[in-house]
Every structure is written in structure tokens, then in C-alpha cells.
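Hi,

Here is the structure I promised to pass on. Have a look at it first, and then read my notes below.

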Amino acid sequence: MEQYALLVAATLNAGTVLAIAALGLLINEKAGVVNLGAEGIMLCAAIAGFATVVHTGNDWLGFAAGMGAGALLAAVFGVLAIWLNTNQYATGLALSLFGAGFSAFAGIKYVQEKLPPRHQFALPGLQDLPLLGPALFRQHPMVYLAIALVAWLVWFLYRSRAGLVLRSVGESPESAHALGYPVRRIRLAAVVAGGALCGLAGAYIAVIYTPLWVQGMVAGKGWIALALTTFATWRPGRVLLGAYLFGGVTMLQFHLQAVGVDVPSQFLTMLPYVATIVVLALISRNPAWIRVNMPASLGKPFYPGS
């Protein structure tokens, strides 16, 4: 049972990375913008966060640096895709490739660096509960902040005026523009906010999840986070559940290896990606269901003069 408690704890930790990044991409897509550059953003944010902690010793400054790097790259993407009307898909792919190359170059001297000793977090009074303590109440604060972020985003999107405007921009930018809303600025703000969250996820990987820097360490999590938005049908609560599902699949490979299951390690390593493909294939069997939930103007450019 203790092993299962540790598996649950690892699942929450792994799912937090996917949840934060996917929520950022959800904000983008609710505004009608598809950003395929999440992988590159997370890689650049990972090295920015890791380098900041190496030089300052402060994890929270590392998170801030990651968010700043993510917001900056997303802003560049936003200017190109929203103001200059470049193709969103091609621009996102270019950003992903740039992030992979730039992070590898910038991180060369940090490959052998080590972070200061990590703090162990626990909720007083709850950490010693049998099974529940090690499973749920000995997590990094960012795990609980991700859950709080989901609750806030649900309120923001479906209970606030600003959220209604954001969704209207994603559904019908022409109507929002006719009502006097600055569609392009709203989309840019959504892209920057989404990039900051992707940056936070990238920094979390390098600072907490695997506290080191290795080239390509995001290892496809940006693409899984992108798939999660479709899997969750653009609903924040479902994003969190999906993130924990994929996080559990990721951690399952290590659990099976630990208990001595005789399965090739290569097969276990590909489990999260196989699960992603299977889920997307199942969802795609009902295109009408996707169209009902998907923002109507997702991926479509907007020209104010038209």
C-alpha cells in the first residue's frame, strides 16, 4: 500500500507539469489561437528557470524567470500570428524548433550544474496520515496551486465578464469586434498569459520535477499538453483529470520496473505517447462532438478591416 501511495504522489507531481501547460494552451485556444510552440517555450523556460536557481538559490525566482521567458516567446509568436497574420500552425512549429535549438545552446554550460538542496514540503497535521499523508499531503506547493488555478479558470471563463469576452473572441471575433472589443489585443493578452503558464510548467520540470538540466528534457510534454486540450474538450476541470491520467501512465512505467515486471523498457517509455494517440483517435471518431465544444474560430486569422 505504501508503494501505491508513492505512485499516487508521483502521479500528482507528473500531472502538475501537464496541467499547468495545458491550462495555458487552453487560454490560447479559448481566444481562437493555436500555439504549437509549447514544447519550445517549455524548453527555453526550463533553462531560464534552472539557470536562475543556480545563480540565486531561490526556486520562486526560477519560476518567475521561466514565466518571463515563456511570456516573451509567446509575445513574439502573438505578434507574428495575430498582427502580421502569419500561419498559426507554421509559426508555432517554427517556435518549437527554435526553442529546442536555443535551449540546447544556452544550456551547454549548465549540464553539469547542480541545484541547492531541495526543500521537503508537507502540510502540518496531515502529512502523517496513513497512506493519504505520503500520497496527497507531501507535495510541492505548485501541485496545490495548479488545482487552485483550475478552480480560478473555471470561474474566470464561465462566471466573469472578462471570461465571456475572451470566449466570444474565440467563437466569433467579427461579432466581438463589431461590439467594440479590441480582438487582436485580447488575443495577444491570452497568448502571453498562456505562454507564461507554459513557461511555469517548463521551469517546474527543471527546478522540481527533475532538478537538473539536460538537453531536450521536456521530452514531448508540450505536445501531450497540446493534445490534452482536445482530450478535455476545452474544459479546465477535464484538463486536470486528463493531466493526472497521463501523469499516471508516465509514472506507471517506473512503478512496473520497480516491482520487477519483465517488460522491455522501451515499451514502457512509449506508454504516455501511445496513450495520447489512442485517446485522440477515440475522440476523433465523433467529429460533431468536437465541433460542438471547440471554439468556432480556433486557428482562424482575424482581419479587423474585413
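This is a predicted model: local features need pLDDT of at least 70, side-chain atom pairs count only at pLDDT 80 or more; totals for chains, interfaces and linings use all residues.

A definition to begin with: I call a residue buried when its relative accessible area is under 20%, exposed when over 50%, and partly exposed in between, using a 1.4 Å probe and protein chains only. On that scale Trp-234 is buried, because its relative accessibility is 2%.

Residues are numbered from 1 along each chain as its sequence is written, and side-chain values use heavy atoms, with hydrogens and water left out.

Helix names follow DSSP runs numbered from the N terminus (H or I, at least four residues, for helices; E, at least two, for strands).

Back to Trp-234. You'll find Trp-234 in the loop between α10 and α11 (236-258), and its phi is positive, about 60°, although the residue is not a glycine. Asn-85 also has a positive phi of about 60° without being a glycine. Asn-85 belongs to the loop between α3 and α4 and counts as partly exposed at 25% relative accessibility. I flag both because most residues other than glycine have a negative phi.

Contact here means heavy atoms within 4.5 Å. Not counting residues up to four places away in sequence, Thr-229 touches Ala-22, Leu-25, Leu-26, Glu-29 and Trp-234. Thr-229 lies in helix α10 and is buried, at a relative accessible area of 0%.

That helix also packs against another one. For the geometry, axes are lines fitted to C-alpha atoms, for helices over the stretch in contact, and angles run from 0 to 180 degrees between N-to-C directions. The axes of α10 (residues 221-231) and α13 (residues 271-283) come within 10 Å and cross at roughly 30°. That makes the pair roughly parallel (angles under 35 degrees count as roughly parallel, over 145 as roughly antiparallel, 65 to 115 as roughly perpendicular and the rest as oblique). The α10 crossing past α13 is left-handed, meaning that the near helix is turned anticlockwise from the far one by less than a right angle; clockwise would be right-handed. On the α10 side the contact uses Ile-224, Ala-227, Thr-230 and Phe-231, and on the α13 side Pro-272, Tyr-273, Thr-276, Val-279, Leu-280 and Ile-283. By class, that is 8 nonpolar, 2 polar and no charged residues. (Ala, Val, Leu, Ile, Met, Phe, Trp, Tyr, Cys and Pro count as nonpolar, Asp, Glu, Lys and Arg as charged, and the others, Gly among them, as polar.)

Next, α9 (residues 183-209). With 27 residues it should span 39 Å at 1.5 Å a residue, and its end C-alpha atoms are 37 Å apart, which agrees; the expected span is 1.5 Å times one less than the number of residues. Of those 27 residues, 22 are buried. What packs on α9? Helix α3 (residues 59-83) is one of its partners: the axes come within 6 Å and cross at roughly 145°, in a right-handed crossing. The α3 contact with α9 divides into 18 nonpolar, 6 polar and 4 charged residues.

Another partner is α7 (residues 161-171), whose axis comes within 10 Å of that of α9 and crosses at roughly 105°. The two are therefore roughly perpendicular. Val-165, Leu-166 and Val-169 of α7 meet Val-183, Ile-186, Arg-187 and Ala-190 of α9, which sorts into 6 nonpolar, no polar and 1 charged.

Helix α2 (residues 38-56) is also mostly covered, with 15 of its 19 residues buried. It reaches 26 Å between its first and last C-alpha, close to the expected 27 Å.

Lastly, Leu-126, in the loop between α4 (88-106) and α5 (132-136), is partly exposed at 33% relative accessibility. Beyond its neighbours within four places in sequence, Leu-126 is in contact with Gly-133 and Phe-137.

Cheers
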